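Hello,

Here is the structure I promised to pass on. Please have a look at it first, and then read my notes below.

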Amino acid sequence: MSDPLTAIAERLRTHRRPMGGSGDALSEAVVIPALREAIVSNLLPPGERLTEVTLASRLNVSRTPVREAFAQLEREGLVTIVPRAAVFVREVCERDVQDIYTVRSALEPLAVELATRQRSSTAAQRLDDVLADMGIAVAAEDAVAYTEALDRFYATIMALSENAILHATHTTLLGPVRRLRRIAMSRPGRMDASYRQSVKIRDAIVDGDEAGPQLMREQLSNACQAALAVLRAGH
């Protein structure tokens, strides 16, 4: 049976642009996204010890890009590095959920407010393109595809806000946010509720409705409660 992590890396390697064989190139294009996806999808579960030698073999790379990936994943809140000891997949606790959603509740409603003010002529089309993929994923009950599309929905709102600092700050949360979204979407009915609320947020932005930020706060509150419920139930 093929190794799922190896398969993820090969898929990423196939689609990456030629960038040479440097550790930096492999880290950015293959190793970091492969390990990130493995952690988010629970292929590498919380608490698992990660070693450079084993992962280098599974990803078919040298140890250098794996070491570089560990540093980035620690910055994203996905692993914990114990100096001169080991690297572990970081556990997700209730405090993590609460802290992250507190910050998101400050950033994302602001992004909606700014996007609504901008009244971009392309806003409707850009949001509708993503919502179409979200709708397909809901119909297929595909939580992985849905969370990937939801990532793009939020990224689109950030882009429409036309605030580079806000966008950059939000990007620092993406590692743990993706993980929490995957956790939350395992709750029955959560995907459908998230999609319907996202449509309302889209309408508010396009129509210039000042209720948009509050709709986003409601979306985040519901997502936070869903993630907490899953954690309390032991995933």
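Let me begin with N60, which is exposed, with a relative accessible area of 58% (exposed is over 50%, with a 1.4 Å probe and protein chains only). N60 sits in the loop between α3 (52-59) and α4 (63-75); helices here are DSSP runs of H or I with at least four residues, numbered from the N terminus. Although not a glycine, N60 has a positive phi of about 60°.

A word on the source: this is a predicted model, where local features need pLDDT of at least 70 and side-chain atom pairs pLDDT 80 or more, while totals for chains, interfaces and linings use all residues. Residues are numbered from 1 along each chain as its sequence is written, and side-chain values use heavy atoms, leaving out hydrogens and water.

R119 also has a positive phi, about 50°, and is not a glycine. You will find R119 in the loop between α5 (94-118) and α6 (123-140).

Next, the helix packing. The axes of α9 and α11 (residues 212-232) come within 8 Å and cross at roughly 75° (axes are lines fitted to C-alpha atoms over the stretch in contact, with angles from 0 to 180 degrees between N-to-C directions). The two helices, α9 and α11, are therefore roughly perpendicular, a term for 65 to 115 degrees. Their contact (heavy atoms within 4.5 Å) is made by L180, I183 and A184 of α9 and A223, A226, A227, V230 and L231 of α11.

Best wishes

Technical notes: Buried < 20%, exposed > 50% of the residue type's maximum accessible area, 1.4 Å probe, protein only. Parallel < 35°, antiparallel > 145°, perpendicular 65-115°, else oblique.
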